[in-house]
Structures are given as C-alpha cells and as structure tokens.
Amino acid sequence: MATLRERLKAAETQLAFLAGGATGAAVSRVGAIPAARGAARLAVGTPQGRAVLAGISYSVLRDELNARDQAAAEERFGPRAGIVEPLRALQPLPLPIAQATIAGMDAGAKIRKKAVSKFNKAVSAGMKQVKASTSNGSKGSIKDAKKAFATVTKTVSKIKKGGKVAKKGLLRKIGLAAKKVLK
C-alpha cells in the first residue's frame with residue numbers, strides 16, 4: 001500500500017508528464033502550486049490529456065485496491081490467500097468470498113427468508129378471489145386495484161378479529177378464503 005507521500009509523488013509525476021517539458025521552467029518562475037494548477041488545467045483541457053489522466057488514475061487506484069485487498073486477505077486467511085488470483089480469473093467471485101472459500105471457511109452469511117404472516121397469506125387468498133370474480137372488472141383482471149386491496153384487507157382484518165362472513169357476493173368469497181387461511 002502506498003503512503004500519502006508516495007501517492008503525492010506519483011501525482012506530481014503524472015502531472016509533469018501531462019504538462020510536458022515546460023513544467024520545470026514554470027515551477028522555477030511561479031512556484032510549485034501555481035505550476036501544478038497550470039499543468040492540471042492543461043491536462044484536463046484537452047481530450048487526450050483527460051484520457052491519459054483517467055487511465056493513469058484508474059490503473060493506480062486499481063493497483064492500490066488490489067494490494068490492499070491482498071494484504072487484508074493475508075492478514076485474515078493466512079498465506080493461502082495468494083491462491084485466489086488464478087482462481088479469480090477463472091471464476092470471478094467477490095474477493096472475500098473467494099478467499100474464504102479457499103481457506104475452507106463458511107463464506108457469506110446465510111440470510112433466512114422472512115416468513116409470510118397469516119394475515120398476508122389471507123390477503124393473498126382474498127386477492128385471488130377478487131381476480132377470479134367478475135365484480136371488480138373482467139375475470140382475470142382487477143379494474144381498481146387500490147380499492148380492491150382496501151376491501152380485501154378490511155374484510156380479512158374483520159374475519160381475523162372474529163367478525164362474521166358476509167351473506168353473499170364477493171365479500172363472502174373473500175371472507176371464506178381468509179377463514180381457510182386464518183384457522
């Protein structure tokens with residue numbers, strides 16, 4: 001990993017390269033900071049300068065991040081972490097997972113899927129009933145989804161609290177479907 005001084009030195013070198021040979025004379029006349037500003041303007045002012053600066057910056061950043069990752073891997077997983085690079089070229093995995101796999105560790109936290117509540121299951125069953133009926137649009141489609149959802153959630157909530165199922169119509173179908181799930 002490069003120190004701050006080494007990075008600054010590399011940036012100076014890149015700016016001098018982009019500005020050309022005039023940097024030395026400019027530094028002696030006006031000082032280091034204005035000369036660096038002028039070199040940066042010159043470098044960023046042309047498309048070629050921007051491309052070179054972007055390429056150099058990207059490669060320096062990439063190399064530094066790779067070195068930092070390698071050091072962290074060796075610290076965490078030991079000397080076997082160096083095996084990762086050839087394997088990474090064959091099958092690109094996120095670096096910590098690849099190194100953990102090679103080290104024989106269990107990689108990545110296993111996230112358990114959140115359980116669907118009974119109420120949500122009952123609402124789903126009610127929405128299926130709405131979609132199957134013709135009272136809220138044609139069969140297989142829902143004309144006003146917001147209104148239908150409001151009706152279903154209110155009905156399911158009522159059934160869950162122990163209310164009675166409606167005598168007829170769509171509300172009865174929703175209530176019966178909810179009752180099956182909630183029992």
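Hi everyone, let me start with a pair of helices: α7 and α8 sit oblique to each other, because their axes cross at roughly 130° and come within 9 Å. On terms, angles under 35 degrees count as roughly parallel, over 145 as roughly antiparallel, 65 to 115 as roughly perpendicular, and the rest as oblique. The axes are lines fitted to C-alpha atoms, for helices over the stretch in contact, with angles from 0 to 180 degrees between N-to-C directions. Helices are DSSP runs of H or I with at least four residues, numbered from the N terminus.

A word on the source: this is a predicted model, where local features need pLDDT of at least 70 and side-chain atom pairs count only at pLDDT 80 or more, while totals for chains, interfaces and linings use all residues. Residues are numbered from 1 along each chain as its sequence is written, and side-chain values use heavy atoms, with hydrogens and water left out.

Back to our pair. Which residues of α7 meet α8? They are Phe-119, Ala-122, Val-123, Gly-126, Met-127 and Val-130, and their partners in α8 include Phe-149, Val-152 and Thr-153; contact here means heavy atoms within 4.5 Å.

Let's look at Thr-153, in helix α8. Is Thr-153 buried or exposed? Its relative accessibility is 18%, so Thr-153 counts as buried, a label for under 20% relative accessible area with a 1.4 Å probe and protein chains only. Its side chain reaches the backbone oxygen of Ala-150 at 3.0 Å. Not counting residues up to four places away in sequence, Thr-153 touches Phe-119 and Val-123.

Now the other partner of α7. Helix α7, residues 118–132, packs with helix α9, residues 170–182, at an angle of about 145°, and their axes are 8 Å apart. Among the α7 residues that meet α9 are Lys-118, Ala-125 and Gln-129, and on the α9 side we find, among others, Leu-170, Ile-174 and Val-181. That contact has 10 nonpolar, two polar and three charged residues.

Last stop, Ser-133. Where is Ser-133? Its place is in the loop between α7 and α8, with α8 spanning 145–160. Ser-133 is buried, with a relative accessible area of 9%. Its side chain reaches the backbone oxygen of Val-130 at 3.1 Å. Leaving aside neighbours within four places in sequence, Ser-133 is in contact with Ser-138, Lys-139 and Leu-170.

How values were computed:
Helix = DSSP H or I, 4+ residues; strand = E, 2+ residues; numbered from the N terminus. Nonpolar A, V, L, I, M, F, W, Y, C, P; charged D, E, K, R; others polar. Buried < 20%, exposed > 50% of the residue type's maximum accessible area, 1.4 Å probe, protein only. Polar contact = N/O pair within 3.5 Å; in protein donor to acceptor, adjacent residues only side chain to side chain.
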